[in-house]
Amino acid sequence: MACSGKCGLGRNLRPRKDMESNSGLTTCPSAPGWGRGRGRGRGRGGAPGRGAMRGYHTRDPQREDAENEEVLEPSVSSSEEVLEPTVSAIVSALSETKISVYEPELDFPFLKDSNTISYLRSSQTMFVMRGVSGSGKSTIARALKNLYQSAVLCSADDYFMMGGEYKFRSDDLGSAHRYCQEKAEEAVRNQVNVIIIDNTNVKRWEMKFYMDLARHNFYHLVIVQPKTAWRDDPKVLSSRNTHNVDEVTIRKKIKEFEDYVPFYYAWFLNKKDSLMVYKKCYKCLVECIESIPGFSHDVLGPGGQDCRAEEFLEYFKLKEVPNSIYHCTSKFLGGWKSGIEGRLEYHQNADVQRACGQSFIISMTGLIVTSTVVAVRIKLTSRESLDLYDKPEENADGRLPRNFRHLKGSSAHLTIATAEGIPPKQSNSELLTIVELETNKIKKKASHVISCGVADIWNRNYCSITFNTPLEINALFTGSY
């Protein structure tokens, strides 16, 4: 923490590390942010090419120019907006796939839900297909390409197309995958809204290049597997695939197929809305520091005495736009080798799988500011989103004594910033502490009316800011790998 001056933040203040109720439960580690990758292909042996990152950096974030503000509208559709495409338009767009949009094989929110389709057309998303030959993955890929007309479809199979015929050459398989990777990189450089990777991706390592490409360039990543009844039937698959893959080979591929458990599931904002959230939080914090007497001291403790806005923001590394897109974690799983209880049950839950790639509206209701974190309070606005939310530390299932129990969704948040050395999961315990202070009606040290709402301050370096009007934002539910 590079803070200097008479406030003494760098000398006297030590962030509080209260981790007792969150052992092993990470909630909002900042996803990589708004840079653009510049990698080229893969090296020998399949190593990803190096990418030079350039992020969105605001050199003077205190300038709240009117022209910047007016473009930062959250990406939600009002009730009066006509959502496109309509169901009839979707059916028309999918006609070339030879499968009706109403068939279960194409029962995905990104193909059928009008709000999700509208959102994806204004965001950046990479769909990675998974499935053995003949399982129906290419049908889904074509349906996506037909629906999102500007989408780029990347497939190693395209390398073997000659004069309209598929002519596979095993010696060229490496070149085919490099061709596919380079096409995906070019689409990312061109900031294409929807990118589709249509390969079998039977093993985890086969997807790694594309997952890294999406993560480093801040695309939503949605892994898609076919829902066809025959997806695990080698006899049917051998008869349906268009590349003459025999039954013995397909049986081997099915046996090798690896499930991929993400590190966590979450609702992810897009770049535009993440920037809007940052600017709103920044403006609110600056107003609190400049208009509320003793605010920095009340929040940061003795080390915050006479702390100026610039020093306060530097303490949380908020002077420039963070290289991150924000997300609200629904469940931390710890990845495919994790031993976290219930991780497989959550990952394999039908409701979770059905919701992947679906847009949800979440409500931004306020901020919490403590000596360790700045976080946005989130209200999950639908029963479906609450059903997806699983945080054991809330003890919503009653496993702990009753006085430790919270309403489900109490800890929903976006971590905006943390003090040096503080992990993002600290936002959970800080928010739940504030919920307990509010629930138990603990006497506040002070309440202050500010332009965006009301700031309540308690004696123990806790501040909760409630916005006058909650802000609804669209976010995509998916996993982080």
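Start with the largest nonpolar core, which has 71 residues; a nonpolar core is a set of buried Ala, Val, Leu, Ile, Met, Phe, Trp, Tyr and Cys residues joined through side-chain atoms within 4.5 Å. Buried here means under 20% relative accessible area, exposed over 50%, and partly exposed in between (1.4 Å probe, protein chains only). Select V277, F312, I465 and F477, the residues with the most contacts inside this core. Then colour helix α11 (residues 271–291), which gives the core its largest share, 10 residues. Helices (H or I, at least four residues) and strands (E, at least two) are DSSP runs, numbered from the N terminus.

You are looking at a predicted model, where local features need pLDDT of at least 70 and side-chain atom pairs count only at pLDDT 80 or more, while totals for chains, interfaces and linings use all residues. Residues are numbered from 1 along each chain as its sequence is written, and side-chain values use heavy atoms, with hydrogens and water left out.

Next, zoom in on F312. Which residues does F312 touch, not counting those up to four places away in sequence? They are L285, I289, F295, S296, V299, L300, C307 and V369, where a contact means heavy atoms within 4.5 Å.

Now move to the aromatic rings. Rings of Phe, Tyr and Trp (its six-membered ring) pair if their centres lie within 6.5 Å; planes under 30 degrees apart count as stacked, over 60 as edge-to-face and the rest as tilted. The whole structure has 17 aromatic pairs. For a tilted pair, pick Y265 and Y346, at 5.6 Å centre to centre and 55° between the planes. Y265 lies in strand β8 (residues 264–268) and Y346 in helix α14 (residues 343–348), so this pair ties together parts 81 residues apart in sequence.

Two charged side chains come next. A charge sits over a ring if NZ of Lys or CZ of Arg is within 6 Å of the ring centre and within 35 degrees of the ring normal. R130 lies over the face of F257, 4.3 Å from the ring centre. The charged end of K280 is over the ring of F467, 4.7 Å from its centre.

Finish at helix α6 (residues 137–147), where eight of the 11 residues are buried, among them I140, L144 and L147.
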